[in-house]
Amino acid sequence: MTIFPYYLNGSNYYPVIPLIFLIGKKRIRSQALIDSGATISVFGEETAETLEVEIEKGERTILGGVGGRIVGYIHKLRVRIAGKDFLCPIVFSREYLVSFNLLGREAFFRQFKIIFEEKKNLLSLE
């Protein structure tokens, strides 16, 4: 089991965890908010640039949510979270302007038992 303290942003706490992208021999650190309401993971343009991912070379998709609709492109990348490596579909979008990258349910939620302890501001991955 790996336990992560929530991330403090202003006066609010969020379940943000570190992750590592495994791209060839490169290991690139990032972080993302765990979002049980998101079907798929969504990362912004800045992360794509850091990873040298050509956004539009992925499979085009349209995502809809509370904030409206955005166009994105699905890429399957290998990630390491809590010591476990797996392939994760990630949508990269130039239109995604939210401050946190999101880890959605697809692929990620199948890898772990996820426990949100809101009272303690802790997240556990088993």
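Which residues does Leu125 touch, not counting residues up to four places away in sequence? In this predicted model, local features need pLDDT of at least 70 and side-chain atom pairs count only at pLDDT 80 or more, while totals for chains, interfaces and linings use all residues. Residues are numbered from 1 along each chain as its sequence is written, and side-chain values use heavy atoms, with hydrogens and water left out.

**View 1. Surroundings of Leu125.** With contact meaning heavy atoms within 4.5 Å, Leu125 touches Met1, Thr2, Phe4, Ile17, Ile81, Ala82, Phe108, Phe112, Lys113 and Ile114, not counting residues up to four places away in sequence. Leu125 is also one of the residues that touch the most other members of the largest nonpolar core, which has 28 residues; such a core is a set of buried Ala, Val, Leu, Ile, Met, Phe, Trp, Tyr and Cys residues joined through side-chain atoms within 4.5 Å, where buried means under 20% relative accessible area (1.4 Å probe, protein chains only).

**View 2. The pair Phe21 and Phe43.** Rings of Phe, Tyr and Trp (its six-membered ring) pair if their centres lie within 6.5 Å, planes under 30 degrees apart counting as stacked, over 60 as edge-to-face and the rest as tilted. The centres of Phe21 and Phe43 are 5.7 Å apart and their planes stand at 75°, so the pair is edge-to-face. Phe21 is buried, with a relative accessible area of 0%, and Phe43 is likewise buried, at 0% relative accessibility.

**View 3. The pair Phe86 and Phe112.** Phe86 and Phe112, edge-to-face at 6.3 Å centre to centre with 75° between the planes, are both buried. Ring pairs link Phe86, Phe108, Phe109 and Phe112 into a cluster.

Notes: Buried < 20%, exposed > 50% of the residue type's maximum accessible area, 1.4 Å probe, protein only.
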